[in-house]
Amino acid sequence: MADEKKIGAYICTGCGIGDRLDAKQLEMTAQRDGKAQVVKTHEFLCSADGVKTIQDDIDNDGVNRVVICACSRRAKTDAFAFDGVTLSRANLREGVIWVRPDSDEAQETTQEMADDYVRMACAEAKYLDVPEPNENHGNNLRILVVGGGITGMTAALESARAGYDVLLVEKGPELGGWMRKLHKRIPDRAPFDEPMDTGIDDLVAAIEASDKITVALNSRIARTSGAPGQFSVDIATESGSTTTENVGAIIQATGFKLHDPAAFPEFGYGNADVITSAELEELASAADGGPIKRPSDGKEVKAVAFIQDVGQNSTEVGKLRYDSGAGDLVAIKQAMYFKHHNGDDCDTTIIYDNLRTPGTAGEDFYRSGQRKEVIFTKGAVSKVDAAGDTLKVSFHDKILDEDTEMEADLVVLDMGMIPVTGPDPYATLEIDTDDDEAEVVEEEEKEDGVEAENPVEVSVESILNLDYRQGTDLPQLKFGFLDSHFICFPYETRRTGIYAAGPVRRPMDIGQAIDDATGAALKAIQAAENAQVGRAAHPRSGDLSFPTFRKEGCTQCKRCTVECPFGAIDEDEEGYPQYNEGRCRRCGTCMGACPVRVISFKNYSVETIGQQLKAVDIPDEFDEKPRLMVLACENDAYPALDMAAMNRIEYSAFVRVIPVRCLGSVNTIWITDALNSGYDGIILMGCKKGDDYQCHFVKGSEIAHMRMSKIDDTLNQLNLEKERVATYEVEITDIERAPKLINDMAATIEEIGMSPFKF
Amino acid sequence: MSNTAMVKKYRNDFLREVEEKVEEGDWVRMCMQCGVCAGSCPLGDAWEHPPQEIFMMIRAGKREEVLGSDSMWMCTSCYNCIVRCPRELPITHIMHGLANYAHRLGLAPKANPTRRFAKIFWDNIATSGRVNELKLSLGLYFMDGFGNGIKKALAMKDVGLGLLKTGRLDPMGLFKAGGIKDKSGLQKALKKAREIEDTRKGY
């Protein structure tokens, strides 16, 4: 590290910047206000020649704080990549000229906008340091897989094939899980028309043959501590012995259990000829190629009714609110068992409400079922009871809209899948702070309470026994399923280095579980590899920075340890935060939470943002030039504004946009400072929060919204109108809305008048 | 299968009967109950049971109701449903097939005007090999009795006179033999075709 910070500001005049802005003026601003020692203008900064100019200054002139005054920080990242220096970007293209009209009247305010961005970038540069890899990292690359079903076995094999050692822990006496019980499985390859062999024996043999995989049967995880690259896991066997193993990353593939059919007496479970789809698999296997016989009297089945979605898709007490999804393909597969074994004249009727056969494969399999004369009837079954030596299924035919009934020798119930997860850390977490946050958590608990009344039995036995401050298991999103963003980051849980795969994540069939396991294995490998070099895995992949805190200033308030969405921070005996950098996602939510502002990253801190907002030139109250500050999430809101610029959507020249890692990292001191400095309006743009969140850091936006709901007190103290601060959820697609929010704030300020805090 | 076949509900007996005896009946199992045919039918309101329902009724084993229904007689062969069916069922043909089957079993609704028109038309064309328009229209007018026939004819008199004036309707057609040259050849061909159909469908 160079001893002295030397700022080099480079102004690009390409892309029309030079035509629209006074480059000489920008140079002067960088020099005079930005205190840049080196200031250069280049007509094409991202060209090889422009980049070389910068690199030469770094190499020969000692420039170590590079300020690029050109396009958005999201553009030309490959060109502007310099080792060993910090980089600040003044967004003159997307942030200024593309959002302002090219007219003489607008020229003055547009130039002011650009000058401010140059000042801000220089101010930031002064407070940036080059991050170095976290030294507190482990080197373990071994993958622990919890659960020996198809998901766990696939994850283990895939990891081993990629060259990594695997420890596979299964609580039962053998590998195979549900798949071992299946007669056949849904086909996974074209033409998707016949059930196929499960191949379970080959799979188990492959695992046993692998010298990279160690299998621990009859075992549970008694304790998990550490961080990616250095997890320490106690494996307890049924016999009572415990061994401690070290692993780099963990995959939880604990699967599912079936909803209890006895909870729905109307479907007649208890009658020997009313069975679950799982039991039918055993019956089909037992038939050993001959006709499937009904359990009660061994009579060959000639008519079978499949009742789909039993106890699912309902808000009624005792029923699952979701649909298990895979059950319809299972029913088609099982109906084919009868066509194969009991002959084409065996009638198979599937009574469904919403048939789900996802994908081309599912559609082809559905058609194949129809070709085999499997009959589908849209209806709602109300009752199954014995009628002589057969069963009577009473239902409402939803196509013919009439109550009707049919007779069947055998009735098969499609029961829902319930994830096997540990207790949700946030359903039981006790918050020992007495401020308002406790209230919010209590409200959340109440909501959870309502769901808990929906007595879907969720196992309360811990699976991972995490030795974390924030609970023993992976956080859940809904209905007991683990929280993982199902579109953007499917396997990421809220515990870094621990991945969820298979039906613990959402209900799924074998094919999907295999895909899941493969994906999770790759993520686990990535996490362990990244940990080894002390950098972040997800979503700021490769980020070397990590949070540190100044112990002298810490008041042990525990906000950071409570609010960290990823449970990365523990507490030591004295109540000081104990960072586990390997578990950290680098969102800065702790930094935003800290009331005494002792938490910072080398290249992201209360100062790097605080100084930017203070660097803005605030005109006199009577200049009629208000100043608005936007703190925009760099993941969604900032790109939305960039795209607005690409579409040349204009917005107010009075706004200054500052990107933040996550809205959760916004420390309220920035708001207070901005108001005190004379800003007239402040907009916070974060991601969508709630159950269908889009926040890269899951809870960052939510926490920010909660914090900002209390900003009114600050505004009251300052005697300011509460309209001056607004917090919005902005999606990446809000290309028209984001600029509108800015313009609306500008209009609001015009209405309520300028801030009195201008000096 | 006799007219009084016992059919169990939601068992596949009737479906199999349809597959065996009805033109294109083996497509019925492929219906996925999306309802696009019902929504596409321009005469949908006139149908007691749109095709989607007919297919479900077949699966539900509602033999009497399906074969006694006048729904499939409402089909005007516009082919909208065939064009739109995502499962590519030849719905129009199945409807005609069902109507034909019901008629042959004697289960089709006796008073249904489409059925009666079809019968008059068939008898007309099958006799001479050409449609005798005058005989066809008169047959239609008077199928509900002499009084009704006069009424209908009077109501249509302007059209009829127009046709006469422009030479589009030959009044002598009533007495002329007309038709194709080899009438007996046609009769033979039709007879043979029927035999083949009966053997194939097992009537």
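Predicted model: local features only at pLDDT ≥ 70, side-chain atom pairs only at ≥ 80, totals over all residues.
Let me start with one pair: Phe306(A) stands opposite Ile350(A), which sits in E15(A). Residues are numbered from 1 along each chain as its sequence is written, chains are lettered from A and ligands numbered from 1 in the order written, and side-chain values use heavy atoms, with hydrogens and water left out.

Back to that pair. Strand E14 (residues 303-310) of chain A and E15(A) run parallel, joined by 5 bridges. When I say helix or strand, I mean DSSP runs numbered from the N terminus, helices being H or I with at least four residues and strands being E with at least two. Two strands pair if DSSP finds at least two bridges between them.

So which sheet are we in? It's an open one of 7 strands, ordered E13-E19-E14-E15-E16-E17-E18 (chain A), with mixed pairing. Strand E13 (274-276) and E18 of chain A are at the edges with a single partner strand each, so one side of each has no neighbour in the sheet. From one strand to the next the twist averages 35°. For angles, axes are lines fitted to C-alpha atoms, for helices over the stretch in contact, and the values run from 0 to 180 degrees between N-to-C directions.

Helix H9 (residues 327-341) of chain A lies across E14, E15, E16 and strand E19 (410-415) of chain A, and runs at about 170° to E14(A).

Now the other sheet. This open sheet has 4 strands in the order E2-E1-E3-E4 (chain A), and the pairing is parallel. Its edge strands, each pairing on one side only, are strand E2 (38-42) and strand E4 (86-91) of chain A. Neighbouring strands here are turned by 20° against each other on average, direction ignored. Strand E1 (residues 7-12) of chain A pairs with E2(A) in the parallel sense over 5 bridges, and within that pairing Ile11(A) has Thr41(A) in E2(A) as its bridge partner. Helix H4 (residues 104-127) of chain A packs on this sheet and touches E1, strand E3 (65-70) and E4 of chain A, its direction making about 165° with that of E4(A). Contact, throughout, is heavy atoms within 4.5 Å.

Asp116(A) and Arg627(A) meet through their side chains in a salt bridge (3.7 Å, N to O). What does this pair link? Distant parts of the chain: Asp116(A) is in helix H4 of chain A, and Arg627(A) is in the loop between helix H16 (606-615) and strand E28 (628-633) of chain A, 511 residues apart. The rule asks for a side-chain nitrogen of Lys or Arg within 4 Å of a carboxyl oxygen of Asp or Glu. Over all chains it gives 74 salt bridges.

A few local details. Strand E9 (residues 231-237) and strand E10 (residues 242-247) of chain A pair in the antiparallel sense over 6 bridges. Their hairpin has 4 residues between the strands, and Gly240(A) there takes a positive phi near 105°. Cys15(A) isn't a glycine, yet its phi is positive too, near 55°; look for Cys15(A) in the loop between E1 and helix H1 (17-20) of chain A.

Then the cis peptide bonds. Ala190(A) to Pro191(A) is cis, omega near 5°, and Pro191(A) is in the loop between helix H6 (177-181) and helix H7 (200-209) of chain A. His538(A) to Pro539(A) is cis as well, omega near -10°.

On to chain B, which has 11 helices and 0 strands. How does it meet chain A? 27 residues of chain A are in contact with 23 residues of chain B. The two chains bury about 2,100 Å² between them, 46% of it on carbon and sulfur atoms. That's accessible area (1.4 Å probe) lost on putting two parts together, summed over both. In chain A, Gln370(A), Glu373(A) and Ile399(A) lose the most area to chain B, together 27% of what that side buries.

There are 6 salt bridges between chain A and chain B. The elements giving two or more residues to chain A's side are strand E15 (347-352), helix H10 (359-371), strand E16 (375-387), strand E17 (390-397) and strand E18 (402-408) of chain A.
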